[in-house]
Amino acid sequence: MAADQLLDGECQIWWARPDQVPDDVLASAVPESEQRRAGRYRQRVDRQRSLTGAWLLRAAVAAQTGERPCEVLLDRTCTDCGQQHGRPRLPAGSGIEVSVSHAGERVAVALTRLGEVGVDVEHTPLIGHFDHELAENTLSANELSALDASENPGVDFQRLWVRKEALLKATGHGLRMPMSRIEVSPADQPPMLLAWPLDIPVDQVRLAMLEPGPRHHAAVAVLTAAALRVRELDADLLL
Ligand SMILES: CC(C)(COP(=O)(O)OP(=O)(O)OC[C@H]1O[C@@H](n2cnc3c(N)ncnc32)[C@H](O)[C@@H]1OP(=O)(O)O)[C@@H](O)C(=O)NCCC(=O)NCCS
C-alpha cells in the first residue's frame, strides 16, 4: 500500500515549508484564480504560504483520487458573501473532508473521511512572549485562571489557541464565533473539547496536538465520535 494512501479511520496531516515546492510545480498545479487570490498578499512569504497551501491541498487529494492536482474540484464559497475565499470543500460524493492552515515556516493540510476537520498552525517567533489581553479576550474564566498559574503562559496559551481555532475551522465558523465561548482541556493535558455553545455534543468531537517543529504549535479537530488516529507526512512524498 502506498504511504500516501488515506486509510479509513485516520486523519492525515501533510506538512510543507513555504519554500519547499518549486515554482513550476506550483504554477502547473494551482489554477490562475487561486494564484490571483494568493497575489492579494503584499509580502512574498505570505504569497508563498498561501500558494503552497493551495498546492498541498490539491496534491494530497490527487494522491487519493488519482486525478492530477490541477484537476481537483474545490469549492471555497464563503458562507457570508459567496466569494471564493471561504473554507475549502471537495464535491459531496468524495467523502473526504479537508482543511488548510499556514503560519511561519509551516503549511498544513488535513485530510480525513471521519468527518469535518479543522487544522491550525501558529508561529511563535518570540520565545516567552505572552499577550495577556488577548488571553482575556479568547479564554474562558477557567482557562484564564489556569494560565495565570502557569510557569509558561506563552506556550500554554498557544496550545489552547490552536485547539480552539482548529475546532472553529472544523465547524466552519472560523473567528466569527468568539473563542471565549469554547472551553478546552488544560494545556498540559490531552486535548479535549469540554464545552461550547453548539448543538454538537462534546463527545462527538476529537482533538489532537500535532508536531510542526520548533517555534510552532498546531492542532487538528475532527467532528466524529470515533477514535482519532493522526498520521503526519512530509510534502516531499507528493513531489
Ligand atoms: C478561518 C480563519 C479562522 C483562518 O484564519 P488564519 O489563522 O488567518 O489562517 P489559517 O492559516 O489558519 O487558515 C487559512 C485557511 O483557512 C481556510 N478557511 C477560510 N475560511 C474558513 C472557514 N470559515 N472555516 C474553515 N476554514 C476556512 C482557507 O483554506 C484558508 O487558507 P487560504 O485562504 O490560503 O486558502 C479566518 O479566516 C476566519 O475566521 N474566517 C471566517 C470569517 C471571515 O473572514 N469571513 C469573511 C467575511 S466576507
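Asp148 lies in helix α5, which spans residues 141–148; here helices (H or I, at least four residues) and strands (E, at least two) are DSSP runs, numbered from the N terminus. The structure is a predicted model, in which local features need pLDDT of at least 70 and side-chain atom pairs count only at pLDDT 80 or more, while totals for chains, interfaces and linings use all residues. Residues are numbered from 1 along each chain as its sequence is written, and side-chain values use heavy atoms, with hydrogens and water left out.

With a relative accessible area of 46%, Asp148 is partly exposed. On this scale, buried means under 20% relative accessible area, exposed means over 50%, and partly exposed lies in between (1.4 Å probe, protein chains only).

Glu143 belongs to helix α5 and Lys164 to helix α6 (residues 153–171), so the pair ties together parts that are 21 residues apart in sequence. Both partners are covered: Glu143 counts as buried at 5% relative accessibility, and Lys164 counts as buried at 0%. A salt bridge is a side-chain nitrogen of Lys or Arg within 4 Å of a carboxyl oxygen of Asp or Glu, and by this rule the count comes to 12. One network, joined by salt bridges that share partners, contains Arg87, Arg89, Glu97 and Glu116.

Another salt bridge links Asp8 with Arg113, where the closest N and O atoms are 3.8 Å apart. Asp8 sits in the segment before β1 and Arg113 in the loop between β3 and β4 (117–123), so parts 105 residues apart in sequence are tied together. Asp8 is exposed, with a relative accessible area of 61%, whereas Arg113 is partly exposed at 37%. Asp19 and Arg17 form a further salt bridge (3.1 Å, N to O); Asp19 is exposed at 56% and Arg17 is partly exposed at 37%.

In the largest nonpolar core, which has 29 residues, Trp14, Trp55, Leu56, Val109 and Leu111 touch the most other members. Such a core is a set of buried Ala, Val, Leu, Ile, Met, Phe, Trp, Tyr and Cys residues joined through side-chain atoms within 4.5 Å. At least two residues of this core come from each of β1 (10–16), α1 (23–29), α3 (44–65), β2 (97–103) and β3 (106–112). Helix α3 gives the largest share, nine residues.

Gly66, in the loop between α3 and β2, counts as exposed at 69% relative accessibility. Arg215 occupies the loop between β7 (206–209) and β8 (216–222), and has a positive phi of about 60° although it is not a glycine.
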